[in-house]
Amino acid sequence: MFKKKPTVQEQLRENDRTMRKTQRDLTRDRGQLEKEEKRIEMEIKKAAKQGNKQAATVLAKQLVAIRKQQTKSYSVGSKISAIGNQQKLMHSNMKMAGAMATTTKTMQQMNTVMDPQKTAKMMQEFERENMKMGMSEDMINDTLDDILGESGDEEESDAVVSQVLDEIGIEITGKMVHAPAAPSKGLGETSKSRVTDDDIERQLAALKDL
């Protein structure tokens, strides 16, 4: 009375154990029938050699019965295998149905909590604020370009570059105009002599102190 009712999973496992045991029993029985079949075949040959037709006939009937029993055993085994496969398929379908039921319940809860109109309004506000931020960034960049891009900046940059090149021994208006095509040879030459690495390091250090 107080025994707990087994779950579907437990019932499936129990059925699977029962069917496996039945298949093992059928296999063992077929092995015994095959041995008996061979023994009877030998007895029939022996009776035939002795000319005992009556004994050979009786043994032949036994052989037919054994072979029929073997056929039935194979048929039963095949049906048990089919039942097992069908049971596994049903179990798989039950799992899939359970998963779909859980997913449906979760979706219903989400639809109950989520307000579509509120969500759409929130997305529109986000898009509007994002556009405002982009416009503000463009305005700031344009303003910075106007402030930093004064007309004298280019001339001032050219003057600084010229000063640096002059200090490391390169003449823009003189030597670089007549320098060879390969830039690696023109950068290290002056109008009188080659500038050493120590001179360049000393002049660069002096620039850092400015």
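1. Buried means under 20% relative accessible area, exposed over 50%, and partly exposed in between (1.4 Å probe, protein chains only). By this scale R39 is partly exposed, with a relative accessible area of 40%, and E36, at 28% relative accessibility, is partly exposed too.

2. The model is predicted: local features need pLDDT of at least 70, side-chain atom pairs count only at pLDDT 80 or more, and totals for chains, interfaces and linings use all residues. Residues are numbered from 1 along each chain as its sequence is written, and side-chain values use heavy atoms, with hydrogens and water left out.

3. The protein chain has 6 helices and 0 strands (DSSP runs, H or I of at least four residues for helices, E of at least two for strands, numbered from the N terminus). Of its 210 residues, 14% count as buried.

4. The whole structure holds 7 salt bridges (a side-chain nitrogen of Lys or Arg within 4 Å of a carboxyl oxygen of Asp or Glu). One of them joins E36 and R39 at 2.5 Å, N to O; the two residues are 3 apart in helix α1, so about one helical turn separates them.

5. In helix α1 (residues 8-50), R20 and D16 lie 4 residues apart, about one turn of the helix. They form a salt bridge whose closest N and O atoms are 2.1 Å apart. R20 is partly exposed at 41% relative accessibility, and D16 is partly exposed at 24%.

6. R67 forms a salt bridge with E37, the closest N and O atoms being 2.8 Å apart. This pair links distant parts of the chain, R67 in helix α2 and E37 in helix α1, 30 residues apart. E37 counts as buried because its relative accessibility is 15%, whereas R67 is partly exposed at 39%.
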